[in-house]
Amino acid sequence: MVQPSKTPIEFSPWTDPTAKPLIQFDKVTKRFGSFVAIDDISLNIYEKEFFALLGPSGCGKTTLMRMLAGFEAVTKGTITLGGVNLAPIPPNKRPVNMMFQSYALFPHLTVYENIAFGLRRSAMPKEQIDARVNEMLRLTKMEKFAQRKPHMISGGQRQRVALARSLAKAPKLLLLDEPLGALDKKLRHDTQFELMDIQEKTGTTFVIVTHDQEEAMTVASRVAVMDHGKLVQVATPAQIYETPNCAYVADFIGEVNLIEGAATPNGDKIDILWAEGQPPIHATPSDPVARDARVSFAIRPEKVAISADKPVDAANALQGKVLDIAYLGNISTYHVELPGGQIIKAQAANNRRLSRRSFTWEDPVWLSFTDTAGVVLTS
Amino acid sequence: MNLRRFFLIAIPYGWLLALFLVPFLIVLKISLSDYAVSIPPYTPTLDLSEGWSGFTDFLSKLDFQTFKFLTTDSLYWKSYLSSLQIALISTAFTLLIGYPVAYAMARAPEAWRATLMMLVILPFWTSFLIRVYAWMGILGREGLLNQLLLWIGVISEPLTILNTNLAVYIGIVYTYLPFMILPIYAALDRLDDSLLEAAEDLGCTRTKAFWLITIPLSRPGIIAGCFLVFIPALGEFVIPSLLGGSDTLMIGKVLWEEFSSNRDWPVASAVAVILLLILIIPIILFQKNQQRAAEAEQ
C-alpha cells in the first residue's frame with residue numbers, strides 16, 4: 001500500500017517550467033471521415049506521472065490512447081515521446097505497451113508464456129527472460145498460476161496477467177484502457193491501490209483511460225477531463241474537484257448543486273440573484289465578474305450544512321423542506337426543496353444511529369454554507 | 001416426464017439403428033458370404049422357416065474368404081493406398097486454397113460477409129453431378145481451358161488433363177473447398193482483433209503475429225476442415241470415375257466396379273467394410289477435435 005514518506009516531496013513536474021515532458025501532444029487532430037474524434041489538442045505528460053483521461057464514451061479518450069500506441073495515425077499535428085516524433089514508428093517498435101480493455105490475453109498460451117511473449121520477440125537471452133517473467137509473476141502475485149491457461153483463472157487474475165504482460169518489457173510508457181472495467185466494485189477498489197503501488201515501484205509513466213471518475217480521482221496524479229474531442233480541464237484530482245473550470249466538469253466529477261443567477265459585484269465578492277423572493281447567494285469568484293453577468297454557482301453537497309434552526313453567523317442560509325433522504329450508510333444525502341422549487345442536495349455524516357436521526361421527510365430545515373464553499377462559473 | 005425423455009432419445013437412436021447400423025450389419029453379412037450365380041448373388045441366405053437349426057446352419061456357412069481374397073490381388077491394397085494419397089494431397093491443396101479465402105472473408109467489411117458466405121455456398125444449389133460434368137467440358141482436349149490456353153498462346157498443343165489424376169485432384173479440391181472454408185472462417189470470425197493488436201504492441205510484425213496468434217487460434221477450424229475434406233474424399237467414387245482415367249485407382253471406383261460390373265457383392269462388401277475401418281480412425285480423431293474445441297469455448 002502507499003506509505004507516506006517521512007519527507008514528502010511534492011510531485012508536480014507540470015508546475016516546473018524547466019521540466020521536460022515525456023509526451024507532448026502538439027495541436028493534434030484526428031478525423032475519421034468527417035467525424036472529428038480529437039480536436040486540436042495540446043497536452044504535456046511528464047515522466048512518472050499517473051495520468052488519467054476521463055470522459056464519457058465517445059469523447060475521444062480511447063482514440064488519444066490508441067494514437068500513443070500506434071494503432072491510429074494522427075491526422076494533423078505531432079506527438080513526441082522523449083523528444084522523438086512517434087508518427088513514423090510502427091506499434092511494434094514503440095517503447096510503449098498497452099493493457100487492453102478486454103485484456104487480450106492469448107488463449108492458447110499459459111500465463112507464463114503470455115508474460116514472456118513480448119520478451120521473446122526481443123533479443124533478450126533465455127535466462128534473462130525467465131528471470132524477468134518470474135519477477136513480473138511476483139509483482140502481480142501470480143506465481144502459483146504460471147502454468148494455467150487464461151480461461152482457467154478468474155477475471156481479477158486475468159487483469160493481473162494483462163498488467164504483468166504489458167509491464168514485462170519495461171516500457172517507457174504504459175497505456176491502460178479501462179483496466180478495471182470488468183472487475184466488480186470491491187475488487188476494483190483493491191486493484192486501484194495495487195496499480196498505484198506497482199506504478200510507484202516500477203517508476204513507469206502510466207496513462208489510464210477511464211469513464212469512472214472515482215477511479216480517475218483515486219489513482220491519477222493528474223486528470224484530463226475530455227468532451228467531444230477536446231480537453232475541458234487538465235488538473236490534479238483535488239483541483240478538478242474543488243475548482244472545476246466549468247459546469248461540465250463540476251457536473252461530471254462527483255455530485256454538485258448548480259444554481260444559475262445574475263451576478264452583482266459586492267467588493268471582491270459577488271451576490272447572485274437566483275430566484276424571486278429568495279436572499280441572494282454570497283460567493284467569492286476567482287476572477288472578477290461583470291455586473292448582471294449570468295453565472296452558475298456550483299457547490300458540493302458535503303459543503304452544505306443542514307440544521308433545524310436558522311444558523312446565526314452563516315454567510316448563506318436558505319430555508320426549505322426535506323423531500324428525500326438517500327441513506328448511504330456512512331453518510332446521508334438530503335434532497336431539500338427550496339420555496340422556488342429548486343432542489344439542493346446536502347450531505348451529512350451519520351455519526352448517530354438511524355433511530356436518532358434529526359430530520360425526516362417533510363421537515364422544515366435550514367441549509368447553510370460559507371461564501372467560499374462554492375465555485376462561481378461563468379461558462 | 002421420464003417416458004417423454006425416453007421417447008425423445010429413442011427417436012434419434014431408432015433412426016441411427018434403422019438407417020445406419022442395420023444396413024451396416026447387412027453389408028457385413030454379405031462380406032462374409034460367398035459369391036454365387038443366383039439372386040441375390042451370394043450364399044448363404046437366412047431362411048427362417050427352418051427355425052433355430054436353419055440359423056446355426058446359416059452362421060456356420062459364413063467365413064472370411066472374401067477378406068483373404070482381398071490380400072491376394074494387389075489391385076485392392078494399391079487402390080487403398082492410392083485413395084489415401086489422393087485424399088491427402090487434395091486435402092492439402094484444399095487447405096492451401098481454402099485458408100486464404102476464409103481469411104479474406106473474415107477480414108472483409110461486415111456488410112460483405114453475408115454475400116461472400118452466400119457465394120461459397122452457392123454451388124451446392126446445383127447438382128453435384130452436373131458440376132462434375134461441367135468440369136469434363138472445361139478440362140477436355142477440346143475443352144474451354146485448352147481453348148483459352150491455345151488462344152493466349154501459352155501452349156501450342158492441347159494438354160491432356162481429363163482422365164488423369166490431375167483432373168481428379170481438381171475435381172476433389174473444387175467440390176470440397178466449401179467444407180474447408182466454412183469451419184476455418186468460423187474460427188477466424190471469432191478471433192478477437194485486439195489479440196493481434198496486443199501481439200503487435202508486444203513487438204510482433206504483422207506477419208509474425210499471423211503465425212503466432214492467428215494460425216494457432218484457427219487450428220480447430222483447420223483440423224475440422226481437413227477432416228471434412230479428407231473423410232469423404234477417401235471414399236470418393238463419382239469424381240475418379242468421371243474425371244479420372246483408367247489408371248486412376250480409387251477404392252470407391254473399385255467398389256463400384258465390383259458391385260455393378262463383376263456383380264461380386266461379397267468382395268464389394270468386404271472392400272466397403274475395410275474402407276469403413278480405415279475411416280474410423282480419422283472420424284474418431286475428428287470427434288475428439290470437435291469436443292476439445294467445444295470445451296475450450298466454455
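## Chain A as a whole

Two residues are in contact if their C-beta atoms, placed from the backbone, lie within 7 Å. In this predicted model, consider the contacts in chain A between residues at least 6 apart in sequence: 65% of them join residues at least 24 apart.

Chain A has 379 residues, and 38% of them count as buried. Its secondary structure consists of eight helices and 20 strands. Along the principal axes, the C-alpha trace of chain A spans about 75 × 50 × 45 Å.

## A sheet in chain A

One open sheet of chain A is made of five strands, in the order β15-β19-β16-β17-β18, with antiparallel pairing. At its edges are β15 (305–307) and β18 (343–349) of chain A, each of which pairs on one side only. From one strand to the next, the twist averages 45°.

Within this sheet, strand β17 (residues 331–337) of chain A runs antiparallel to β18(A), and seven bridges join the two. The residue that stands opposite Ile331(A) is Ala349(A) in β18(A).

## Where chain A touches chain B

Contacts between the two chains involve 16 residues of chain A and 14 residues of chain B. On the side of chain A that touches chain B, β6 (96–99) and α2 (111–120) of chain A each supply at least two residues. By class, the residues on that side of chain A are nine nonpolar, six polar and one charged.

## Two helices of chain B

Two packed helices are described by the angle between their axes and the distance between the axes. In chain B, helix α4 (residues 74–107) and helix α11 (residues 219–234) have axes that come within 9 Å and cross at roughly 145°. The crossing of α4(B) past α11(B) is right-handed.

Which residues of α4(B) and α11(B) meet? From α4(B) come Ser83(B), Leu84(B), Ala87(B), Ser90(B), Thr91(B), Thr94(B), Leu95(B) and Gly98(B). They meet Ile222(B), Gly225(B), Cys226(B), Val229(B), Phe230(B), Ala233(B) and Leu234(B) in α11(B). Sorted by class, this contact of α4(B) with α11(B) has nine nonpolar and six polar residues, and no charged residues.

Note on methods: Residues are numbered from 1 along each chain as its sequence is written. Chains are lettered from A and ligands numbered from 1 in the order in which they are written. This is a predicted model: local features need pLDDT of at least 70, side-chain atom pairs count only at pLDDT 80 or more; totals for chains, interfaces and linings use all residues. Axes are lines fitted to C-alpha atoms, for helices over the stretch in contact, and angles run from 0 to 180 degrees between N-to-C directions. Helices (H or I, at least four residues) and strands (E, at least two) are DSSP runs, numbered from the N terminus. A crossing is left-handed if the near helix is turned anticlockwise from the far one by less than a right angle, and right-handed if clockwise. Ala, Val, Leu, Ile, Met, Phe, Trp, Tyr, Cys and Pro count as nonpolar, Asp, Glu, Lys and Arg as charged, and the others, Gly among them, as polar. A residue is buried if 20 or more other C-beta atoms lie within 10 Å of its own, exposed if 12 or fewer, and partly exposed in between; C-beta atoms are placed from the backbone. Two strands pair if DSSP finds at least two bridges between them.
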